[in-house]
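Here are a few notes to read alongside the structure. Please have it open as you go through the points.

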Amino acid sequence: MSTSQIAGKSGYSAERPQGLDASNLRVGILATQWNLDVVDALVKGAYECLQDWGVAPAHIREFRAPGAYELPLAAERILAGGYDGVVVLGAVIRGDTPHFDFVAGECSRGLMDVQLKHGKPVGFGVLTVNTAQQAQDRAGPGKTNKGYEAAAAVLDMIRLIRSVS
């Protein structure tokens, strides 16, 4: 049994897709300003994936939004600005009030709306977890980092969209 199975996590098969020249893609990395130890680790994972898959560093730009609730508007503006995709990262950790449910749900719904409006991928790397430890577990090094996986999903979706266009 793998470590991710033991921890109750699943893993995305984040292998570089064949037939995608990522060198000229413009990709935004959008992250929140909350839970920075976790979010910065997710950002690092996203950068590693984009580098692994050949996105030119000059074509990657990082943006910061105040929090998860603001991510959909920021992602919308990034995609409207000509980016091919955006990797969205954050960590919403459940507390004692229903605030978590509203923020996590509206963030997710808003990002889906943005993706469909623009026909461009939005990588959902916003952790919605019950504990800070669960967030840390998902932000570790390597290809199981959820920032890495969200960036891989963006690139894989660009390949998929181009293959059916």
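Which residues in helix 2 meet which residues in helix 6?

1. A word on the basis. This is a predicted model, in which local features need pLDDT of at least 70 and side-chain atom pairs count only at pLDDT 80 or more, while totals for chains, interfaces and linings use all residues. Residues are numbered from 1 along each chain as its sequence is written, and side-chain values use heavy atoms, with hydrogens and water left out.

2. Now to the question. From helix 2, Leu-42, Gly-45, Ala-46, Glu-48, Cys-49, Leu-50 and Asp-52 take part, and they meet Lys-146, Gly-147, Tyr-148, Ala-151, Ala-152 and Leu-155 of helix 6. Contact here means heavy atoms within 4.5 Å, and helices are DSSP runs of H or I with at least four residues, strands being runs of E with at least two, numbered from the N terminus. The contact residues divide into 8 nonpolar, 2 polar and 3 charged (Ala, Val, Leu, Ile, Met, Phe, Trp, Tyr, Cys and Pro count as nonpolar, Asp, Glu, Lys and Arg as charged, and the others, Gly among them, as polar).

3. How do these two helices cross? The axes of helix 2 (residues 36-52) and helix 6 (residues 146-164) come within 6 Å, at a crossing angle of roughly 40°. That makes helix 2 oblique to helix 6 (angles under 35 degrees count as roughly parallel, over 145 as roughly antiparallel, 65 to 115 as roughly perpendicular and the rest as oblique). Axes are lines fitted to C-alpha atoms, for helices over the stretch in contact, with angles from 0 to 180 degrees between N-to-C directions.

4. Next, the cysteines. There are 0 disulfides, a disulfide being a pair of cysteine sulfur atoms within 2.5 Å. The sulfur of Cys-107 is too far for a bond, because the closest cysteine sulfur, in Cys-49, is 20 Å away. Cys-49 counts as buried at 0% relative accessibility, and Cys-107 is buried with a relative accessible area of 0% (buried means under 20% relative accessible area, exposed over 50%, partly exposed in between, with a 1.4 Å probe and protein chains only).

5. Cys-107 also belongs to the surroundings of Ala-68, which touches Thr-32, Val-92, Val-103 and Cys-107, leaving aside residues up to four places away in sequence. Ala-68 sits in the loop between strand 2 (60-65) and helix 3 (71-80) and counts as buried at 10% relative accessibility.

6. Finally, look at Asn-35, in the loop between strand 1 (27-32) and helix 2. Its phi is near 50°, a positive value in a residue other than glycine. Asn-35 is partly exposed, with a relative accessible area of 28%.
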